[in-house]
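Me: Could you walk me through this structure and tell me what each label rests on? I'd like every term set against its rule.

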Amino acid sequence: MIDFELSPKIRATKNMVHMFAENAIRPIAREYDEKEHEKPWELFKMVQKVMGSMMGGGLGGGEAKEEKPEGGEKKPRETNLMTAVTVEEIFWGDAGIALSFPGGGLGGAAVQASGTPEQREKFLARFSGEEPCWGAMAITEPEAGSDTANIKTTAVLDGDEWVLNGEKIFVTSGKSALEDSKGFVVVWATVDRSAGRAGIKPFIVEHGTPGMQITKIEDKMGIRCSDTVSLSFMDCRIPKENILGSPEVMDKTKTEGFKKVMATFDATRPMVAAMAIGVGRAALDFIKEALAEQGVEIRYGISPNRMTVLEREIMQMEADLKAARLLTWRAVWMLDNGERNDLQASMAKAKAGAAVTRITQKAVELMGPLGYSRECMLEKWMRDSKINDIFEGTGQIQLLITARRLLDFGRDQLK
Amino acid sequence: MVSFELSDEQRMVQETVASFARDQMEPLMRESEESGAVPDEVIAKGWELGLLGGCIPEEYEGFGEGLSALTSVIALEELGSGDLAMALHLMSPTVLAYAVMDQGTEEQKKSYLPRFCGEEFTPAACALVEPRYDFCPSALTTTAEREYDEYVLNGRKCLVALARESDLMMAFAATQPGMGFAGVDAFIIPRDTKGVEIGEREKNMGVNALATYPVTFKDCRVPVSAKLGGEEGCDYLRLLSRCRLGLAALAVGMGKRAVQHSRDYARDRVAFGEPIGSRQAIAFMLAEMAIEVDATRLLTWEAAWRCDKGIDFCKEAALAKNYAADMAMMVGDRSVQIMGGHGYIRENPVELWFRNARGLAAFEGMVMV
């Protein structure tokens, strides 16, 4: 049965998280935007203590698909929906702070999705410990963004160790994982450049591994509380067992690991959409309250030809935000039900990224000079929201994936 | 608990109506548009689906268990994928029938509902839209003034589908002008009532298979009992919102079909040695079209779900309808653009979708869920 009512469990969590976002995150949002590269440690320690276990290994991590049990009834799961709803609330509080919350992040998600039981045990336990801890993922290189097949970082097996060499950029929470806590980073490297995508494997690199160095901490337009770093690997040696999935190349039957890591995007893309929606809702809530205070009424039922520009804009923002949320809920609902959702995940992210970028820009515009002032949060949300249309695959990459699926074209037929 | 899964019954309705749209409506779409008439066989076979009677309870001679807005929008989406004009023709009785079912007095239900449960298609008209550039459903200029035990209607209407073909018409008029939505009531008026003037058939940009007329009320007197809901009147905004959900669902259907058509064309049509769908300029248009169709469907579902749950849904319905009208225009436009010159030729369906789409912004009433 089609139903849009959140379960009592999710509703209760949503309310609790919203209160937390409102009382603990929003009040310090501006401060940690201005104090770039500093962390609200008090908050993070509290988060780790109180919510560490509830978050299930960190925000933005989502959860991998579970195999459908053979025979028997499908057990209704709503883990991913729970995460999406929670993420929206926290990001409503503040995107920069939320993004730098302790937890496994994308690196943790990759281990969760494709690690062996031993790997999961070894690498994930730390996220539910006493101290805040972070995981990170290093994919992007100066010359390889969405084009992951072009990754030049190499991994060569030397006895019982892999030796990594190369340079990574745009590693979210890289400093948090490697310098500020005892975390790790999942690094994508090629074991055989001639094999193209099939040669690319994810490797877990622990904090403090010799040969790995943070070479740069980026200054960014928005999400300033969250650190973004460059990493260099110079003869960085890691244990042989730190590879995620099979080390075999070309053997089609053994690409499970790679595919599973790619499949984490099916879980994380809707979460990025939920992040965007949280920021968009913050802006929309703000502007609607501001208008209400001024006694401006939005006349919902009237004809489009009678609407003021302001009314039309607000209604469009509201409908766009809701549409993005419903597309996101659909994508995570499919994931929770063990259905293939890569198309829907990309649709949700494409819509949310573009819609919220526009919503926050419009919100600034509608508030006139007030919107442009740093006294007001709108300008910050406009800066923060833009990243959602970029990371985890730009809006254009999402359209490309959507179009390929629609047309049933492979990457060679639709470049 | 959140779910996007159709019930078994909804899936059955969806499949039945989808195959009717594909096999019976679409093949005759062009012919009926050009000839300006919905073919009798489509009407007869469409009526056999029992979409209307299936919602009317047994006590009023129907065979249904009541009205579900969600199931209705699912059915209407499929009808919309067949043809907009045919769908509006076939579903024209819904406004009167569902309004009576939803808000009529017991007496009104008894006297009006059974006629829609027969074996023959029974049209009914809805007079809501008015021929003014600044028309707004919250500020109707057609008035109904109380005089003793009668109401006197005055004003002009347009886009009244099947006005001449229907025995009954549901007319919306302001009983308290200036009171917005709260000041409007609905009246059930037999076609032959003195003071009802049905004009020449209208000529519109699209949906030409649907016969629409201007209707003028000149001191048209109806008994108080003709007022929907009796003395207390009706919740007009609720009725209007149910209509908006219907129009939004039809737009989703049309949009869905246009995306499929454009997708197939983009795969088949070769230019510069490869299918045009291999170019991002085309592929990205398609992706955006598909996303917006899905977005509109979900907005419509959510509003319909609220309606069924008894939660206020009027704002959501308005947002969904406006979103749907914008989506339909964007999708219609792009489906023409993707076909290039071929899209402009009347042999192809896309130019009709493009013309039909524009109507959705102007339409109000006409179909109800």
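Me: Happy to start. What kind of model is this, and how are its parts numbered?

Reply: It is a predicted model, in which local features need pLDDT of at least 70 and side-chain atom pairs count only at pLDDT 80 or more, while totals for chains, interfaces and linings use all residues. Residues are numbered from 1 along each chain as its sequence is written, chains are lettered from A and ligands numbered from 1 in the order in which they are written, and side-chain values use heavy atoms, with hydrogens and water left out.

Me: What makes β3(A) and β7(A) a pair?

Reply: Strands are DSSP runs of E with at least two residues, helices are runs of H or I with at least four, and both are numbered from the N terminus. Two strands pair if DSSP finds at least two bridges between them. Strand β3 (residues 161-172) and strand β7 (residues 228-239) of chain A share nine bridges, in the antiparallel sense, so they meet that rule. One of the positions to look at is A:Leu164, whose bridge partner in β7(A) is A:Cys236.

Me: How do you know that β6(A) is joined to β7(A)?

Reply: The bridges tell us: five of them link strand β6 (residues 212-217) of chain A to β7(A), and the two run antiparallel. A:Ile217 has A:Val229 as its bridge partner in β7(A).

Me: Why is strand β5 of chain A described as largely enclosed?

Reply: Buried means under 20% relative accessible area, exposed means over 50%, and partly exposed lies in between (1.4 Å probe, protein chains only). Seven of the seven residues of β5 (residues 200-206) of chain A are buried, so the rest of the structure largely encloses this strand. Side chains in a regular strand alternate between the two faces of the sheet. In β5(A), A:Ile200, A:Pro202, A:Ile204 and A:Glu206 point one way, A:Lys201, A:Phe203 and A:Val205 point the other way, and all are buried. Strand β4 (residues 184-190) of chain A is joined to β5(A) by seven bridges and runs antiparallel to it, with A:Phe184 partnered by A:Glu206.

Me: Why does A:Gly199 count as buried?

Reply: A:Gly199 has 0% relative accessibility, so it counts as buried. This glycine is in the loop between β4 and β5 of chain A. Contact means heavy atoms within 4.5 Å; leaving out residues up to four places away in sequence, A:Gly199 touches A:Ala189, A:Thr190, A:Val191, A:Asp192 and A:Val249. A:Ile151 is 48 residues from A:Gly199 in sequence, and their C-alpha atoms are 9.7 Å apart.

Me: What makes A:Arg374 and A:Glu34 a salt bridge?

Reply: Their side chains meet at 3.3 Å, N to O. The rule finds seven salt bridges across the interface of domain 1 and domain 3 of chain A. Domain bounds come from an automatic or database domain assignment, and chain A is divided into domain 1 (8-128), domain 2 (135-251) and domain 3 (256-407). In the contact between domains 1 and 3 of chain A, 36 residues of domain 1 meet 36 residues of domain 3.

Me: How much area is buried between domain 1 of chain B and domain 3 of chain B?

Reply: Buried area is the accessible area (1.4 Å probe) that two parts lose on being put together, summed over both. For these two domains of chain B it is about 2300 Å², 59% of it on carbon and sulfur atoms. B:Arg30, B:Glu77 and B:Leu84 supply 26% of the area that domain 1 of chain B buries against domain 3 of chain B, more than any other three residues.

Me: And what holds for chain B and chain A?

Reply: 52 residues of chain B are in contact with 47 residues of chain A. The area buried between the chains is about 4600 Å², with carbon and sulfur atoms giving 65%. The count of salt bridges between them is eight. B:Lys309 forms a salt bridge with A:Glu5, where the closest N and O atoms are 3.0 Å apart.

Note on methods:
A salt bridge is a side-chain nitrogen of Lys or Arg within 4 Å of a carboxyl oxygen of Asp or Glu.
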